[in-house]
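Have the structure open as you read.

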Amino acid sequence: MKSAASSLEQVREGITHACSIAGRRPNDVTLVAISKTQPIDAIARLLEQGQRVFGENRVQEAEAKWPELCERWDDVDLHLVGQLQSNKADDAVALFDCIHSLDRPSLVTALARAMDKAGRQVPCFVQVNIGEEEQKGGCAIADLPALLDQARQADVPVIGLMGVPPLDIEPAPFFAFLDKLASDNGLAGRSYGMSGDYETAIMLGATHVRVGTALFGARG
Ligand SMILES: *Cc1c(COP(=O)(O)O)cnc(C)c1O
């Protein structure tokens, strides 16, 4: 088993390498370490190595793990990358610094209300169902313009688009499509690329790569 430290170094090197090929600056790509299902001590090892941006996919799990870690490291940047139920919007706005899974009108409404109540603006990515897969989260491609309009009117800050390509298909065309969709909608943020394909994602414009397994090892 590789240690978390050497894994982190390897992923950082991969990011730097992809950036150099793409003519991009490594600082323009944010590594979001996906710590879902990982125990506190595994997360603490990455924090000790200087990693500060983390992603969780469930509000309740994050609430159980992160308050303790945030006491020890007060500059953590915590992202939500999993589906969010509207009745958890208040909790999500209180805990997370960024939400990658805004995907439907009712959630825009719930987040607008929660941000207003908390007096705290949390930047969001709109998740797009790029593979048009029935079982996956994300708004339909055709529904994106209306959702962005609604978010603008409700003062929910949208900074980019997020997507998860279908499994076992070459992801590059999906990344290229999301890149263009973000450009067409005047959005700078692009959240795509995971352990198996983050270098490809960076070459195709990703600003946020969400990497779990390559940092922590396989999830139990
Ligand atoms: C789990 C997860 C990841 C990380 O996947 P790995 O293959 O472990 O890197 C990225 N994004 C989302 C939305 C996830 O749920």
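A polar contact here is a pair of N or O atoms within 3.5 Å. Keep in mind that this is a predicted model.

**The ligand site**

With that cut-off in hand, take Lys-36: a polar atom of its side chain lies 2.6 Å from an oxygen atom of the ligand.

| Residue and part | Ligand atom | Distance |
|---|---|---|
| Lys-36, side chain | oxygen | 2.6 Å |

How much of the ligand does the protein bury? On its own the ligand exposes 390 Å², and the protein buries 85% of that.

As for where to look, the ligand sits in the largest pocket. The residues surrounding the ligand are Ile-34, Lys-36, Val-81, Met-162, Met-194, Ser-195, Arg-210, Val-211, Gly-212, Thr-213 and Arg-219. Sorted by class, that shell has five nonpolar, three polar and three charged residues.

**A serine in a strand**

Now over to Ser-101, which belongs to strand E4, residues 98-102. Is Ser-101 buried or exposed? Ser-101 has a relative accessible area of 1%, so it counts as buried, the cut-off for that being under 20%.

Conventions
Residues are numbered from 1 along each chain as its sequence is written. This is a predicted model: local features need pLDDT of at least 70, side-chain atom pairs count only at pLDDT 80 or more; totals for chains, interfaces and linings use all residues. Side-chain values use heavy atoms; hydrogens and water are left out. A residue is near a molecule or strand if one of its heavy atoms lies within 4 Å of it. A polar contact is a pair of N or O atoms within 3.5 Å; within protein, one must be able to donate a hydrogen and the other to accept it, and residues adjacent in sequence count only if both atoms are side-chain atoms. Accessible areas come from the Shrake-Rupley method with a 1.4 Å probe; for residues, only the protein chains shown count as cover. On a 1 Å grid over the protein atoms alone, a cavity is a set of points where a 1.4 Å probe fits but cannot get out, and a pocket is an open set with protein on both sides within 12 Å along at least five of seven lines; lining residues have an atom within 4 Å of a point. A molecule sits in a cavity or pocket if more than half of its atoms lie within 2 Å of its grid points. Ala, Val, Leu, Ile, Met, Phe, Trp, Tyr, Cys and Pro count as nonpolar, Asp, Glu, Lys and Arg as charged, and the others, Gly among them, as polar. Helices (H or I, at least four residues) and strands (E, at least two) are DSSP runs, numbered from the N terminus. Buried means under 20% relative accessible area, exposed over 50%, partly exposed in between (1.4 Å probe, protein chains only).
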